[in-house]
Amino acid sequence: MDHNTQKLLLAEDDELLASLLYYRLQKSGYAVHMVHDGKKVKEYLEQTIPDMIISDIMMPYFSGIELIDHVRNVLKLDVPIIILSSAGNEQNVLSAFELGANDFISKPVSPSELLVRVGRELKKR
Amino acid sequence: MEYPKITYQCYSLIHSIQMTPEWFGHLTLLFVILSAIYLLIIFIIRNRFSRVSKAVADRKRVLGPMISTFLFYEEDGSRSEKTDYVQLKLEIRQLLKDKFNRKVLVEIFLDLKKDISGEANLCLSHLYRNLGLHLYAFDALKSRRWVKISRGIQELNELHIEEGYGFIKTFINDRRGVIRKQAQLAIVSLKHEGISYFLDTNKFPISEWQQLKLMDVLRNLKDFQPPRFRRWLTSKNKYVVLFALRLLKFYKQNDANASLIELVKHRNEQIKIEAIDCIREFCVFEGLDTMKSVFWRCSPEIKILLLDAIANLGTDKDITFLKDVENREFTFIVKSKALSAINLIRPGTILPTIDIETHETYTGETLQTDSPSPSIEQVAETDGTPRIEEESAEQPSLKTPDEVIPPESNLDELPDPLREMSTPFTYGWEQLVDTETDDTEIFDLCLMEELQDILAQKDASEDEEAAILPLEFLPLVTEAEDSIDDSLWSQSLPLFILELEIECEIISEAENFSLELNRLLLSLGTPSASEQVPSSAELADGLEIHPVNTHGRNNDNNLGIEEIQGSAPPEPVQEQEDHNKTPWVDVCGTDNEVTAIIFHLEPLKAPATALKSCVPQDSEGIATKVSDYGHQSIFYDFFRNADEESKLILLEEVLAVADMKDCQFLDSLEGDSSGKVRVKAAKIKAKLCKKWEAEPEYKPLIAMVGSASNGKGYKNGSWNESKAIRPDPSLKELQPLEYCFLNINPSPEESADGSPPVRITVPVRDSGTNQPQKE
C-alpha cells in the first residue's frame, strides 16, 4: 500500500500510544505528522492542511472538541476528522459529531480498526 | 536519688530568659540553616523524581518504537526488514540486562495493554513472554517485600501469563491483604477454574468491594462456564456462602432450592436476605412455609423482604397468614406491607378505610324519572311562536341512549345549520364513548343538548322573548342571503330564532342594518307573529318608527324608503301626528328618513316603559318580571346556596359587573331573611345608580330600573317611592331587537321644566346611496 500523497495529522497526548499508531499508520504508507497537544495542532494547521485529522478528545491546551470547532468554523475545512475517546465519554463524542466529526474510535484502540476507518474516510473524499 | 519537692517555691525558679541581641542572631541563623536544609532536601528529591521521570520518558521514547516494530512485524516483509528486526532483537536483549530498562519496558507493556485492543493486544502478551520478562516477575514473587510481590502478581495477571497461576495461588490466603486481594483477582482471571479454587480454599473475609471486583472479572472472562455455585452454599466461611448466593443469583442457577430454603434460617442477616432474594427470584414455592415460620423472629427489614416474597409467590391460602401479620404485628411498615401483600395476591381484598366519608348508596337514576325537558314544539307553544305542524309529536325532549330523533320533512329546507340540527341521527352511549365517532356527530349532539336545555329553561321561566336567551354558542350563520327561501323565514321558523339571528348580525355588522331591518319587519308581518308582536301602530303609542312595512318580507337589500312607505299601513301614519303632539316626544324626520324621536326626561315614562318592555311582560305586571329578571342574574345561582357571609361578599362584586338584570336581582333581595343582606343590597343598588347616573346613556335605564322596582323610583342617588316612575299602560311594547336600532342620546334641547330631552334616532338607508344615515 502506498499512501504517500495522503497526509495525516495524529494528535494524541499519550506519547506511547501516539508512537504506536504513528508507526502503524506510517507502515501502511501514510505521511503522518504526530503532535501531542492542541497548540501544536493549531500551529500545524496554520501551515499545512492535512488530508485527515486523527485526534484525541482530551488534550492539553486545546481539546479535540475545540479542534473540530476550529477546523470547521474558523478554518472552514472539510477535512475528515476521526475522534479517539475513552469509553464512557459519550457526551463528548456526541458533541464532536454535532460539530462535524466524521468518525469515532473508542479506546483501547485497535490499530487494525483505525487503519480500516482511515482508509474508508479517505476513500469517501 | 532525691527528687525536688514540688512546692509553691518552685515557681520562683520560673523566670523569663534574658534575650540579648546575640541570642537573636544565633536563633535567626539556626532557622535560616534549617530552612536551607529543608529546601535543599526538597530540591534534591524533586530533581531526582524529575530526572527519573525524564529518564523513563526518554527510555520510553526509545523503547516504544522498538515495541511497535516487534508488534507489527510481518513475516512476509522484505529482507531488509527482517535484518532490521533481528538486529533490534539483539539490541533489546542487551537493554533488558539493565534493571531500569526492564522496569521501563514492563511499564510500556502495561500501558499499551490498556490502550490497545484487538490483535495487537494479544501480540503484546506474546512479546512479553518472548522477551522473558515473565521470568523476572516470577522472581519478584519470591521476594519478601509485599510491593514487589504485588507488582509481580499484577504483571502476570494483566499480561495474562497463565504459567504464573501456580505461583500466584499460594498467595490466596496470604495474611497481607494487598497481596491476598491481588492474588484472588489474578487466579480468578488467569484460569476459569480459578473461581472454584478460590471459593474452596478461601479462609479470609471477602469484602464487598472485592466481591464486586471478582464478579467484574468473571463477567469479562471469555467463554467462561460458571461452576454450580450451590457447592459453596455449605461452606464454613460465611463470606463464601454469601458470595456463592450472589453468584447463584447472577448466573440464575436455580438448582439449589433446598439449600436456599435452609439458608432462610441462617443467623447471618445478609445471607438470609440473599437467600430470600434468591427464593423470590427463582420462585421457590416450597420456601413459603419456611419463610412463614421464620417470620416472627426476624427483624423488620427481613420481615418486609419475606412479605414481599410471600406476596410474589403466595396464593389465597397465605392470606390468612398475612392477615395474622396485620393483626399481630406492631411495626407500621410491616403491617402496611402485609396489607399490600394481601392485595397483591387477591386484588381488592383490602380497601382504603382511613378518612373515608360515608355516603348513601347510589341507587341509580334514569333520565326518564326526571321531569322531561320541554320539546321544541312545547317551547314554541309557550312562546307563542308559530308551531311547526309537521314536527313529529314523538320528538324526544331528552336524549336517552339509543334515542332516535325522527326526521322532520318540512325542516329539510331550513338553512344549513338548522337543518343539521334536525337531521335524524341515532346515537347511544356506546357511540358517545366510541373513539371513532365522527366529531361532527358529537358536535351535533352537544348542540342539540344545549338547545334543549335552553329551551327548557325558557319554558320554565315562561319567557316570551327568546332573544334574550344565551345562545351565543350557536354558530354565526353567514350563508348568502339569496340561498334562503324567504317564505321559510316567515312560515317555518320559530320567530325567536329569526330574532336571534338578526340581533347577532346587527351587533356585529352595522352595514347590514337595512337587511336586518327588513328581516325584522318581515317577521313582524307574519300572521302568527303579529299576534305576539305589537304592530307599528301599537308601537306608536310610546315611540314611532315610521314608516314600517308589516306586509311581508322584502328580500331586496336596496329597498328604498319610499317603497317601504308605500306598503305601510295608513293607520300608524295617521296616528303619527297625534303622538307628535305629546309633550315629551318630538318626532323629526323627512320623507326619506324613517324618524327621529325626541323624548324629554320629564315624562320619562315613555322610554322607561319602552325599555322596560325588554322585560318579559305578562298579565300580572312588572313585579313578577322583576323576580324573573332576578333569576337571570349571574348572582342568582350563587345566592341560592350561599350563607350570609358569602352573600355579603358577592354583593360587593355586583357593583363591578352589574347590569339591569342584577339590579332587578338586588330588588329581589329586599325580601332576604338576613337583615345585613337587605341593607347591603340597598346600598349596592344606590351605588349602582350613582354610578349609572354619571353616564348619560344609563339614565333611561335608571328610570326603567325604578319603574321595574315595584314603584320605587330613583332620584338623586336614592330610591324614592313617591317619585316612582310607573309604566304607562298606554304605551305598547317594542320587540327587543327593535331597541337595538335605537340610539339614545341626550339632546342639547331642554324641555320646559329644564329636564334634558333624550333623542332616539333610528338609522336607515338612503334609498339612493344605500348608505346608512342617522339623525
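Start by selecting helix H33 of chain B, residues 660-668, where you'll find B:Cys663. (Helices are DSSP runs of H or I with at least four residues, strands are E runs with at least two, and both are numbered from the N terminus.)

Before going on: this is a predicted model, in which local features need pLDDT of at least 70 and side-chain atom pairs count only at pLDDT 80 or more, while totals for chains, interfaces and linings use all residues. Residues are numbered from 1 along each chain as its sequence is written, with chains lettered from A and ligands numbered from 1 in the order in which they are written.

Is B:Cys663 buried or exposed? B:Cys663 is buried, because 27 other C-beta atoms lie within 10 Å; the cut-off for buried is 20 or more, with C-beta atoms placed from the backbone.

Next, hop to chain A, which has five helices and five strands. They run β-α-β-α-β-α-β-α-β-α from the N terminus. Of its 125 residues, 37% count as buried.

Pick A:Leu10 there. Beyond its neighbours within four places in sequence, its contacts (C-beta atoms, placed from the backbone, within 7 Å) include A:Leu21, A:Val32 and A:Ile54.

A:Leu10 is also among the residues with the most contacts inside the largest nonpolar core, which has 109 residues. (Such a core is a set of buried Ala, Val, Leu, Ile, Met, Phe, Trp, Tyr and Cys residues joined through C-beta atoms within 7 Å.) Finish on helix H11 of chain B, residues 238-250: its nine residues are the largest share of this core.

Definitions and conventions. Buried ≥ 20, exposed ≤ 12 C-beta atoms within 10 Å, placed from the backbone. Contact = placed C-beta atoms within 7 Å.
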